[in-house]
Amino acid sequence: MTALPLRQRPAWMSLIRHFEEVHSLHLRDLFASDATRGLRLRAQAEGLYLDYSKNRVTDETLRLLFELARESELAEQRDRMFRGDHLNVSEDRAVLHVALRMPKEATLVVDGVDVVEQVHRVLERMTTFALAVRSGEWKGHTGKSIKNVVNVGIGGSDLGPVMAYEALRHYSRRDLTFRFVSNVDATDLVEALRDLDAAETLFIVSSKTFGTLETLTNAQSARQWLSERLGEDAVAKHFVAVSTNDVKVRDFGIAIENMFGFWDWVGGRYSMESAIGLSTMLAIGPEQFNQLLEGFHAMDEHFRSAPFEQNLPVIMGLLAVWNRNFLDCPTVGVMPYDQYLRRLPAYLQQLTMESNGKHVTIAGVEVDYPTGATYWGEAGTNGQHSFYQLIHQGTTIVPVDLIGFAKSLNPLGGHHDILTSNVFAQAQALAFGKTAEEVRAEGTADQIVAHRVMTGNRPTNVLLAELLTPRLLGSLVALYEHSVFTQGTIWGIDSFDQWGVELGKVLATQIIPELSAATDSELAHDSSTNALIALYRTLKKAGDTYGH
């Protein structure tokens, strides 16, 4: 059975009528009328406690949202993903990032192949390599051990590894230096290499096809940097590849035994626990990398088995749909109150926006409802002193996920209590605000009162855990992955392709030779693009005024 189009589902139509009844309700009133609300609207799994009581929902809202999930066949679609059905319809591919973290004893046969066996074969090779590098057994061209690791990738081949490294830096080898290069702007590579000794540097080139323009441009320049210092023969001992294209890898000068593969059923934004995570394994070691995988798998099993009403990813995904489609909230803020998670918002931007930034359904029909919110954020408490003003008093409602921990990995005086107090205080302030009467009671002059009023009624989720560990990070990322899946299923879209990324790439390849042409060749773009290219050519030919 195929789910009805979204607007024809009975629960959706009921939600529309329900919204008219509850849209003016304030969180102040909801809490005042239910002393147990904060104890009821919560869920817990795999080390994560979710307080969703400060969302603008009633029990009836939640009942209808769970019914919408059932009418959208969320359970059936979830089961199809876990068994390897080709959910990525536009590319006719399975969606099997969950297989990347299945235990070795598991079996999952897809298209006649046991993918779990494949995954663990690569993990074993990664483990052998990581142990050799970390122990000093792996030597560079001159006989020196590796002390610097430079990951060269872009998109999911960069955002996952850099986020994981920053998040788990506390657990990393501090005698190893890790750098991450993604931007084709030469500055990114030059600054990353400026203070490194080539004889002690290992490059990981991460590109599924080994043809991504930005990654290969950076890799070729890194190869030249190394060759100028150590000679062409050094490449094989200082470069490894994460790719599926053995021909191009070999042509680059990388030995095939130093190529770590992955599969077309792994989307880049879902790949941080595959061979794309080689830099992560080098940083924290195989044992703790396995703990990361265990955390992912634990949340997978929770998503797979828990009733919707107790299922963290389902709850968060349905609340995201409610906020996007009914409260008309175009953005979501993710504010981790842990400095180690400062790159998590950037990682979630790709995960959420590349997945659900779609304008047609799986059947190719134009949607007539919003999909995919804009995700953004900053580590707390920094954001409180910059953009929280808009969240509290702006004219756009921004739902916020506040992520906190009961313990600090770096306890120091009263720092952590101060930090965590802000998690709870921000959720409280956003929910309840401050009325004009409360402002006046503080002795505020009448002409200033309006400026100090905060309307509140701003939705938040609070995610609280004991301590940031590799396992907890895996569970946290998987939570957001499956929330994205839940949203995409409700909207009836393909959350696993990314065709919107391609058009700009194609046009750029047409423009590149025109920018470097020896003569002012005729241009055939629109008048704006033609003028910009012409100006670029002129400025490029102008005398160097910066002393370079």
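In this predicted model, helix H20 gives the most to the lining of the second largest pocket, with four residues. Helix H5 (74-83) joins H20 here, and each of these helices supplies at least two residues of that lining. In total, 33 residues line the second largest pocket, and those nearest its centre are Arg9, Thr361, Ile362, Gly492 and Ile493. Sorted by class, this lining holds 16 nonpolar, 10 polar and seven charged residues. As for volume, the second largest pocket comes to about 640 Å³.

Next up is the largest pocket, with a volume of about 1200 Å³. Its lining is made of 44 residues, and Ile154, Thr212, Val501, Glu502 and Lys505 lie nearest the centre. Four helices each put at least two residues into this lining: helix H7 (156-167), helix H9 (213-230), helix H15 (344-356) and helix H21 (502-516). H21 is the one with the largest share, at seven residues. The class make-up of the largest pocket's lining is 16 nonpolar, 17 polar and 11 charged residues.

Now for the parts packed inside. In soluble globular proteins, nonpolar side chains tend to be buried together. Here, the largest nonpolar core has 124 residues, and the two that touch the most other members are Trp265 and Leu282.

Leu282 is worth a look on its own. Setting aside residues up to four places away in sequence, Leu282 touches Phe129, Ala130, Val133, Arg134, Val149, Leu176, Phe178, Leu202 and Ile204. Arg134 is among these partners, and Arg counts as a charged residue.

Is Thr331 buried or exposed? Its relative accessibility is 18%, so Thr331 counts as buried, the cut-off for buried being under 20%. The side chain of Thr331 makes a polar contact of 3.2 Å with the side chain of Trp376. Trp376 also shows up in the list of residues in contact with Thr331, which, leaving out neighbours within four places in sequence, reads Ala373, Thr374, Trp376, Val398 and Pro399.

Key. Residues are numbered from 1 along each chain as its sequence is written. This is a predicted model: local features need pLDDT of at least 70, side-chain atom pairs count only at pLDDT 80 or more; totals for chains, interfaces and linings use all residues. Side-chain values use heavy atoms; hydrogens and water are left out. Buried means under 20% relative accessible area, exposed over 50%, partly exposed in between (1.4 Å probe, protein chains only). A polar contact is a pair of N or O atoms within 3.5 Å; within protein, one must be able to donate a hydrogen and the other to accept it, and residues adjacent in sequence count only if both atoms are side-chain atoms. Contact means heavy atoms within 4.5 Å. A nonpolar core is a set of buried Ala, Val, Leu, Ile, Met, Phe, Trp, Tyr and Cys residues joined through side-chain atoms within 4.5 Å. On a 1 Å grid over the protein atoms alone, a cavity is a set of points where a 1.4 Å probe fits but cannot get out, and a pocket is an open set with protein on both sides within 12 Å along at least five of seven lines; lining residues have an atom within 4 Å of a point. Grid points are joined across faces, edges and corners, and a volume is the space filled by probe spheres set on the points.
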